[in-house]
Amino acid sequence: MSQDVREVRLHTFSGWIDPPTDLQPAVSGEVTCDIAVIGGGVGGMGTTMRLAERGQDVVLIEAEFLGYGSSSRNGGHISGAPGGDLRMLKLFYPRQMKGMVVLADHAAEYLQGKIRDLDIACDYVPNGLAMVAISPLQMLRIKTCAAILKKAGGRGHVGTAEQLGIPRAFVGGMKEGVGGMLNPGKLCRGLRADVISSSARVYEQSKVTDVRRRDDGKVVIATPGGTVIADKVVLSTNAYAGEWAITPDRLSVPAYLIEAETEPIDPARIEALGWTSRTGTISQHQIMEHFRVTERGTIVIGVRRIERGTSYPLPKDKAPDLGLVKELEDAFHTRFPSLADVKVAQAWGGWIAITSSWISLAGKLADNIWYSCCCNGHGLAQAPYIGSLIADNIVDGTMHDDLKGIWLDEPKFPPFLMMSPAGLRTVWALDRLCDVFNGSARRARRAAVAIA
Ligand SMILES: Cc1cc2nc3c(=O)[nH]c(=O)nc-3n(C[C@H](O)[C@H](O)[C@H](O)COP(=O)(O)OP(=O)(O)OC[C@H]3O[C@@H](n4cnc5c(N)ncnc54)[C@H](O)[C@@H]3O)c2cc1C
């Protein structure tokens, strides 16, 4: 039964949490500091927290409020493996492969540790994340990826749907050995509280309009209410970085991804799908389709299509396109026919940065300006972890091996392939074509008959 998607509540922020009511003051007049971090997502907050811990004079400048960006809007999967197709990463970046796998594993451990140490109530369930196969062909891909992951030092084990406790609509999958799922809105709110209570000075409602190095080397950061003058700067604005002239050409392109959430579902019906582990699932399409159960008894469905941002500044109050919401609703009902009566209740989306190499990057633009561009849609754990490593690099010049692996000596980037709106549409169409022939809908219907 198809629903009228016009009934779906569309958010311009997130469905996970409401905006905070205790906004911090904007930059006013002239502010001076040793280090300024621009962008208060998990990346900027991770950097700031570490700098404050290490006794630095640090200022965090955020356009809206800490956690406004994709950090509060994502699927909430903490993944312990690199994003993207591991076969492609191995083919194109064989030397970086091991480093990326270890970094992703350490990042998941890092974020789990932060949640524990700061006692952040974000509904974290450490039940791994499963790469799942909707067809035998996708299962072959998973087995290859699992072997690559293992060889590179990653953790994960392959199994059938029954063995992994994931829905019987899937052939099977690989469950990562670290990570799990959480409410990213609550995570950001917990991190925000910690940063605000630290020695860092936090300015919200302060959109940086320009970043410039003065002749004396100091960096001048312009905002509508005033100027911040810093000895060192960390750029941590993710998809929005292209808004300034100082950002190198082709660092990344912005892409808009969406999530949709169902109305609450009887837990017995979720269990009847075979989803006993409640582990979140990510399909092996070229553009993933993901499903996860939430603590509020709903299912969140994600992505399937990527909308390319074509110009800066990125639209501020963008809401999901109803056509894309409908597509997620269809995906949900196709995979889980026994839940055909369950409606999608709300949807939201956010901007991520995609690098041309599809791998995370970090480096310096000058002696005193650091940047990172993390993780192409898998940055919930990696962005703050890399941010903390950048903080250590600033304080004592050390370069952790995990940072070394993604460090670029020169900020030069190759052209993008397949990231034009037409290219993305082609990839999406190929995924849909494969879905017609791969028997996945039939498999899902058979699984539903077993439930009935
Ligand atoms: C729909 C969706 C699903 C996703 N699912 C997952 C997932 O399940 N697991 C996972 O690991 N990752 C996921 N991601 C990716 C993950 O959310 C990001 O990689 C991560 O949050 C990036 O953090 P960040 O701090 O770099 O960027 P952001 O959270 O985007 O933060 C950037 C901040 O910079 C601020 N800013 C921008 N411009 C300026 C300016 N001019 N001046 C001052 N401040 C500025 C913004 O307001 C924003 O708060 C998903 C992303 C989306 C959109």
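## Overall architecture

The protein contains 12 helices and 21 strands, where helices (H or I, at least four residues) and strands (E, at least two) are DSSP runs numbered from the N terminus. Its radius of gyration, taken over C-alpha atoms, is 21 Å, close to the 22 Å that the globule rule (2.2 Å times the number of residues to the power 0.38) gives for 452 residues, so the protein is as compact as a globular protein of that length. The C-alpha trace spans about 70 × 45 × 45 Å along the principal axes.

This is a predicted model, in which local features need pLDDT of at least 70 and side-chain atom pairs count only at pLDDT 80 or more, while totals for chains, interfaces and linings use all residues. Residues are numbered from 1 along each chain as its sequence is written.

Of the 452 residues, 53% count as buried; a residue is buried if 20 or more other C-beta atoms lie within 10 Å of its own, exposed if 12 or fewer, and partly exposed in between, with C-beta atoms placed from the backbone.

When neighbours within four places in sequence are left aside, the contacts of Ile61 include Ala36 and Ile221, together with Val27, Ile38, Tyr203 and Val208.

## The shell around the ligand

The ligand is surrounded by 44 residues, the closest being Gly39, Gly41, Gly69, Asn74 and Gly379; a residue is near a molecule if its C-beta atom, placed from the backbone, lies within 6 Å of it. Two or more residues of this shell come from each of helix H1 (42-53), strand S4 (77-79), strand S13 (253-262), strand S18 (344-354) and helix H9 (379-396), and the largest share, four residues, belongs to H9.

By class, the shell has 16 nonpolar, 22 polar and six charged residues. In this scheme Ala, Val, Leu, Ile, Met, Phe, Trp, Tyr, Cys and Pro count as nonpolar, Asp, Glu, Lys and Arg as charged, and the others, Gly among them, as polar.

## Strand pairing and hairpins

Strands pair if DSSP finds at least two bridges between them. Strand S14 (residues 280-283) is covered on both faces, with Gly280 and Ile282 buried on one side and Thr281 and Ser283 buried on the other. S14 runs parallel to S5, to which four bridges join it, and it pairs in the antiparallel sense with strand S15 (residues 289-293) over two bridges. Thr281 takes part in both pairings, as the bridge partner of Ala130 and as the residue opposite Phe291 in S15. A hairpin of five residues connects S14 to S15.

Strands S10 (residues 210-213) and S11 (residues 219-223) are antiparallel and share four bridges, with Arg212 standing opposite Val220. These two strands also form a hairpin, with five residues between them, and Gly217 in the turn has a positive phi of about 95 degrees.

## Backbone geometry and a buried cysteine

Most residues other than glycine have a negative phi, and most peptide bonds are trans. Arg278, in the loop between helix H7 (267-272) and S14, has a positive phi of about 60 degrees although it is not a glycine; Arg278 is partly exposed, with 18 other C-beta atoms within 10 Å. Val303, which lies in strand S16 (residues 299-303), has a positive phi near 70 degrees and is buried, with 24 other C-beta atoms within 10 Å. A cis peptide bond, with omega about -5 degrees, joins Tyr312 and Pro313, and Pro313 lies in the loop between strand S17 (307-308) and helix H8 (322-335).

Cys122 sits in the loop between H3 and strand S5 (129-133) and is buried, with 21 other C-beta atoms within 10 Å. Beyond its neighbours within four places in sequence, Cys122 is in contact with Ile115, Leu182, Asn183, Lys186, Leu187 and Gly190. Cys122 and Gly185 are 63 residues apart in sequence but 7.8 Å apart in space, C-alpha to C-alpha.

Definitions and conventions
Contact = placed C-beta atoms within 7 Å.
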